Amino acid sequence: MTFLSPWAVWALAGLPVVVALYFLRLRRRAIKVSTHMFWQRAANQTSRFAFFHRLRHLLSLLLHVAIFLLLAGALAKPVMDRLIQDGASVVIVLDCRARMQAKDAAGATRFQCAVESACAYAREAGDRRQFAIVKLDAAPSVAVPFTGDERPLLDLLQTAQASDAAGDMNAALGLASTLLEARNGERRIILLSDRAPSSETRFPVITHAIPAAAENLAITRFATRPLPANPDTSEVLLEVRNFGVAAVKTSVELSFDGRPIDVKNITLAPGAKTMSVFPALVKSGRASRGWLSARIEKDDALAVDNLAFATLPPARSKRVLLVSKGSFFLERILEADASVKFEMLTPDAYSQELGAKFSAVIFDGFVPGDFDLAKGQGNFLFVKNTPFQAGAIVENPLVTDLDSAHPTTRNVSLRNVTILRSAALAVPLPGEGWSFSAPLRSFDNALLVAGQRGSQRIAALAFDVADSDLPLRVAFPLLISNTVHWLSGDEPDAMPSLTAGQTMNLSPAQKVSAEPMTTWPRDGQVHPANLAGAFRPMRNGFYHVAESGVSRWVAVNTFSESESDLRSAEKSSAATAQPVASLTGWPLWQWLAIAAFALLIAEWWAHHRRRTE
Amino acid sequence: MASSHEDRLFDSAFLAQLEQLHLLARRIFRGEQRAERRSRQLGSSLEFADYREYSEGDEMRSIDWPAYARLERLFVKLYEQEQDLAVSFLVDASASMHWRPEGAQRAGKFDTARRIAAALAYIALANLDRVSVHFIADTVVSELGVMRGKSQFHDVLDFLRQPPASTKPTSLIASARAFTRRAKRSGMVFVLSDFFDPAGYEDALALLQHAQFDTHVIQVLEPAELSPVETGDLRLVESESGASLEVTANESVLDRYRSEIAAYNAGLETFCRRRGISHASVTCDQPFGDVVLKTLRDGMMLK
């Protein structure tokens, strides 16, 4: 037998009250009479039945106590476990997705309601009714394996929190089904979510839907990118969408390192979205963290999507050395780039020690005689003459492959560029820490080779810019600028903004903090970066990434329309959790309540017939 | 009987009806003054009583001259003397007589007894009888001396309106002893009481009879006493002693109670009938006119 409401045991504390009330009821009503003469005689005859009279008192008390015990028993909701001879296995799928943080009018979140219901289920755990908990978030996982002990279940539920990530409900239900497949007896899945499953499952699913408010305004995109014309400035893209049923007029505040820098008023019809661009934000300086955040000034159902984070890469001083006998186009390009300090030397004035002092060195038609790829220090761009030349000159090469994902060729379009001739470059095999790629190719010939060893980088352009019409194209300054900034250490895509729950594979040199930061502490102490390997942030904010002593920040956001759209919340069919035992067992409380009611009728009848007192 | 409500009972029409009534004495008593009631004393009324031989000093006009003509002896005609009658009212003023059911608005037992006493006193006064009124409880607690003539009816009413302040338990025998000791003449005595005396009523009534009083019993009861309806767990507080009695009253107990009080009242009636005592039982809910004009006449107290 299982008691679904064991707290009702406390009702037994009221038993003395029942007894006290009974004796209080025995306090006789005082009535004034003219004489006792006849009452005494009548009562004397009654006293012959004193034994039965006392018995009636006892019977009355016993009836009251029995009624009370039956009611207390009914409150405890006992269930006969006759239907679960083989045991029951139940998997609680606890929705921990970001949308579960939505609050209702009373201020309680959907997740709190779900946990409360889950606790009610967990208290039913026993040897013959085992529970497991599967958390539904970005990566569904078994939080508690099957157990008949309610303690680990309740411990998990008391510490569980809704994440800021989206998740796949079907994956979680699939995991729950996999868990149940190995079990015998009654098998069920209890889904505690604000949404019903979208697909059939192999086992019965009890959906305990959690209702909540539907009004929500969300930031669905927030990103920065350097301006191609000036990599030291970035533009900010902000997209806000109204998932509510009423038009919204509010404002969005943009902050940089915690200081408001812009406010934009927005008005959104139901279901509409607006996209804003904040142009020409200067990169953060050395003392800056580069934290950029956007906040919707509206208190709606889901707060997690009202705040978004992004980072601006810190500005670095870049000194570029052009070693050339004279190159009109390269000189003009480098002079025009305000983000670099350009210097020029003739090849005979160059020395290896000098090259290490610059962020990047461009060798125009010149390879130093003492250049050694294995020992070389510095970042180099070779133009026309390169260390990777492998064969004869290629006449009129066509650009056939362009890796737009590579930092050097990002946003570069070389379609219909005419190249008079180029060298045949061989992409070196990886070795001595170097790795190479060819982001620009002409069939099998590499036109651009890029290599990296740690923070050291090298690039080789197979043709003289003067032997092509490239300088006349928009792609030329982009190509040179991308390459120079890449050589200088800029990695615009190295630390992209992540969505919560997205896995980021860290390099061996990288470590990341476990917890995000959203506000800068007064003491300046940041969370230590001590996690290595794969990293899956589940909270929005700025994560501290450390690599070779250099700190950077990666922003994490929810950015999920499925999480922000609360309008599809299911209507709950039950305000409280439907006990599993009531599904798998035989509830007794109704019969106890009926028995109590029958006894109450009997007591009432007996009392009015003076069978009891 | 202090309210004007009671005074209205004695309106002129009712008093006129009362004047037509006479207290019915079962015996003939000797009076002190001439009145409208026959007595054994010979006097000067028109009612012939007897003859006796003339003796010196008799009035000449009382000689029966026709008898002298036939018998040649002087006889004097004797006439009955119409004398007054001592009529006493013993009104029970004990605590039990002051009891009335909770919430009852009408007159209680004591009020009813006082009204009856007032009505009978008026009849007696109208017949030039000598009236005395006594409040009794554990003894005679207060009394009104002899009144005579209708003009003193208001004195009777005033006395009845001012009962003794303290209510004591009933002792009929003690009250009867006190009354008989004080009474100078025998006569009619009306005992108005509920007769709820744990010591019994028999000795008291026997004592009054032994003292040559023509005794009339008027038992005044509350209907709620005859047939109580209260049920449940009761603590009955006796009005006279203040003692409590815990009773669980149900229908069977109430039936036994009704049987007991009915037997008690029947015993009183039987006792009175055997002893030649007039008996009438009155309940407070009876119309007062019916009580005086019907119940008491049926009880052979009035004619």
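User: Which helix of chain A holds A:V65?

Analyst: This is a predicted model. In it, A:V65 is found in a helix that spans residues 50-75 of chain A. That helix is α3 of chain A.

User: Is A:V65 buried, exposed or partly exposed?

Analyst: Count the C-beta neighbours inside 10 Å of A:V65: there are 14. A buried residue needs 20 or more, and an exposed one has 12 or fewer. A:V65 therefore counts as partly exposed.

User: Which residues does A:V65 touch, leaving out those up to four places away in sequence?

Analyst: One residue to look at is A:P16, 49 residues apart from A:V65 along the chain. The C-alpha atoms of A:V65 and A:P16 are separated by 9.4 Å. With residues up to four places away left out, A:V65 touches A:L15 and A:V18.

User: How are α4(A) and α5(A) oriented to each other?

Analyst: α4 of chain A covers residues 110-122, and α5 of chain A covers residues 150-159. Their axes come within 9 Å and cross at roughly 175°. Angles over 145 degrees count as roughly antiparallel. α4(A) and α5(A) are therefore roughly antiparallel.

User: How many nonpolar, polar and charged residues are in the contact of α4(A) with α5(A)?

Analyst: From α4(A) come A:V115, A:A118, A:C119 and A:A122. They meet A:E150, A:L153, A:L154 and A:L157 in α5(A). By class, that contact has seven nonpolar, no polar and one charged residues.

User: In chain B, how are α5(B) and α6(B) oriented to each other?

Analyst: α5 of chain B spans residues 109-126, and α6 of chain B spans residues 153-161. Their axes come within 10 Å and cross at roughly 165°. The crossing of α5(B) past α6(B) is right-handed. By their angle, α5(B) and α6(B) are therefore roughly antiparallel.

User: How do the residues of the contact of α5(B) with α6(B) divide by class?

Analyst: α5(B) gives B:R114, B:A117, B:A118, B:A121, B:Y122 and B:L125. α6(B) gives B:F153, B:V156, B:L157 and B:L160. These residues divide into nine nonpolar, no polar and one charged.

User: How many of the residues of β18(A) are buried?

Analyst: β18 of chain A runs over residues 360-364. On one side, A:A360, A:I362 and A:D364 are buried. On the other, A:V361 and A:F363 are buried, so the strand is largely enclosed by the rest of the structure. The count is five of the five.

User: Which element gives the largest share of the side of chain A that touches chain B?

Analyst: The contact takes 21 residues from chain A and 28 residues from chain B. On the chain A side, β2 (29-33) and α2 (37-47) are the elements that give two or more residues. The largest share is nine residues, and they come from α2(A).

User: How do the residues on the side of chain A that touches chain B divide by class?

Analyst: That side takes 21 residues from chain A. They fall into nonpolar, polar and charged classes. The division is nine nonpolar, six polar and six charged.

User: Which strand of chain B is joined to β2(A) by five bridges?

Analyst: The partner strand covers residues 232-238 of chain B and runs parallel to β2(A). A:K32 stands opposite B:V237. A:I31 has B:L236 as its bridge partner. The strand is β8(B).

User: Which strands stand at the edges of the three-strand sheet?

Analyst: The open sheet has the order β2(A)-β8(B)-β9(B), with mixed pairing. Its twist averages 35° from one strand to the next. Each edge strand has a single partner strand, so one side of each is left without a neighbour in the sheet. The edge strands are β2 of chain A and β9 (244-249) of chain B.

User: What percentage of the residues in chain B are buried?

Analyst: Chain B has 11 helices and 10 strands. Among its contacts between residues at least 6 apart in sequence, 75% join residues at least 24 apart. Chain B has 303 residues, and the buried ones make up 38%.

How values were computed. Residues numbered from 1 in each chain as written. Chains lettered and ligands numbered in written order. Predicted model: local features only at pLDDT ≥ 70, side-chain atom pairs only at ≥ 80, totals over all residues. Contact = placed C-beta atoms within 7 Å. Helix = DSSP H or I, 4+ residues; strand = E, 2+ residues; numbered from the N terminus. Nonpolar A, V, L, I, M, F, W, Y, C, P; charged D, E, K, R; others polar. Pairing = 2+ DSSP bridges. Axes fitted to C-alpha atoms, helices over the stretch in contact; angles between N-to-C directions. Parallel < 35°, antiparallel > 145°, perpendicular 65-115°, else oblique. Left-handed = near helix turned anticlockwise from the far one by under 90°.
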